[in-house]
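Work through the exercises below with the sequence and the model in view. Each task is followed by a solution in steps.

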Amino acid sequence: MTTSLIGTRPPLRDALGLLKDREQVAERLLESSAKHSFDPDTELDWDAPLEEGKWFWPPELISLYDTPMWHRMSEEQRMDLARHEICALLSLGIWLEVILMQLLLRHVYDKSLLSSHVRYALTEIADECRHSKMFARLIDKAGVPEYRVKPTHHNLGRILKTMSTTPSSFACTLLGEEILDWMQRLTFPDERIQTLARGASRIHVVEEARHVRYAREELRRQMATAPRWERELTRITCGEAARAFSISFVNPQVYTNVGLDRREAVAQVRASGHRREVMQTGAKRLTEFLDDVGILRGVGRRMWRSSGLLA
């Protein structure tokens with residue numbers, strides 16, 4: 001007997017092809033989590049002294065690299081700036097991960113609590129808790145103060161985590177994860193870098209690969225099924241998040257704290273072709289993906305261009 005196809009739904013597709021089954025994706029990510037998860041408290045040697053003459057961050061990733069001010073700085077001052085910049089970035093990372101954890105909880109609130117999709121979201125939240133604690137501990141070890149985001153962005157984050165729709169949630173999640181991930185992939189193999197900083201980068205890269213996969217698959221699904229108004233809102237929300245993120249990526253207070261003229265430093269970073277190339281290269285894989293799933297369109301694309309993250 002021939003099976004009737006009447007009433008069956010065609011499989012979901014987007015510009016990238018067939019969307020994978022949500023449960024199968026989650027099950028594979030859960031298997032990977034069971035094999036490749038780390039406890040930074042025991043995995044890293046927090047009692048070891050910091051190494052003399054080693055950087056906390058690759059110099060090529062420092063905001064002032066190859067500017068006139070950089071060429072006037074001593075090697076010691078450059079290394080001190082690297083220490084402050086990475087710790088400011090880790091402070092930003094903690095802020096973003098706190099937002100992400102709340103977005104994930106809101107995402108699963110109405111879904112089956114017995115599903116693999118929800119179980120993986122809870123697993124990711126546990127990962128992010130460990131990452132935030134690891135970042136805080138590394139900042140403390142470096143002897144650098146906590147760098148908070150601007151009050152305006154702090155309150156925008158409060159709105160995002162309280163009101164964001166699901167597509168916006170995952171688009172903003174990827175924005176917070178993928179650029180830092182690209183930079184950390186350059187950091188953990190680099191023997192110029194402090195062993196502790198390399199170890200923290202390695203842990204974050206391994207575990208964030210799963211988080212990026214989960215967010216990408218869910219964002220594709222949401223953009224393929226969301227109503228038009230929600231897709232448009234996602235484009236605008238993501239564009240505004242890109243602008244806020246690009247401003248927050250380096251806290252200007254780091255320049256003051258290492259004895260530099262803050263206003264001159266900010267001006268030179270804005271004029272730096274090298275810095276622009278670093279940020280656009282770090283965002284390239286993400287912007288190509290967002291373009292493919294229909295987010296970089298209209299006003300959203302213009303906002304991304306104004307952020308400096310999109311060429």
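**Exercise 1.** What percentage of the 311 residues in the protein chain is buried?

Solution. The model is predicted: local features need pLDDT of at least 70, side-chain atom pairs count only at pLDDT 80 or more, and totals for chains, interfaces and linings use all residues. Residues are numbered from 1 along each chain as its sequence is written, and side-chain values use heavy atoms, with hydrogens and water left out. Buried means under 20% relative accessible area, with a 1.4 Å probe and protein chains only. By this cut-off, buried residues make up 51% of the 311 residues.

**Exercise 2.** Describe the surroundings of Gln184.

Solution. Gln184 is part of helix α7, residues 166–187. Its relative accessibility is 2%, so Gln184 counts as buried. Contact means heavy atoms within 4.5 Å. Leaving out residues up to four places away in sequence, Gln184 touches Trp57, Phe135, Ser201, His204 and Val205. With the side chain of His204, the side chain of Gln184 makes a polar contact at 2.5 Å. A polar contact is a pair of N or O atoms within 3.5 Å; within protein, one must be able to donate a hydrogen and the other to accept it, and residues adjacent in sequence count only if both atoms are side-chain atoms.

Terms used:
Buried means under 20% relative accessible area, exposed over 50%, partly exposed in between (1.4 Å probe, protein chains only). Helices (H or I, at least four residues) and strands (E, at least two) are DSSP runs, numbered from the N terminus.
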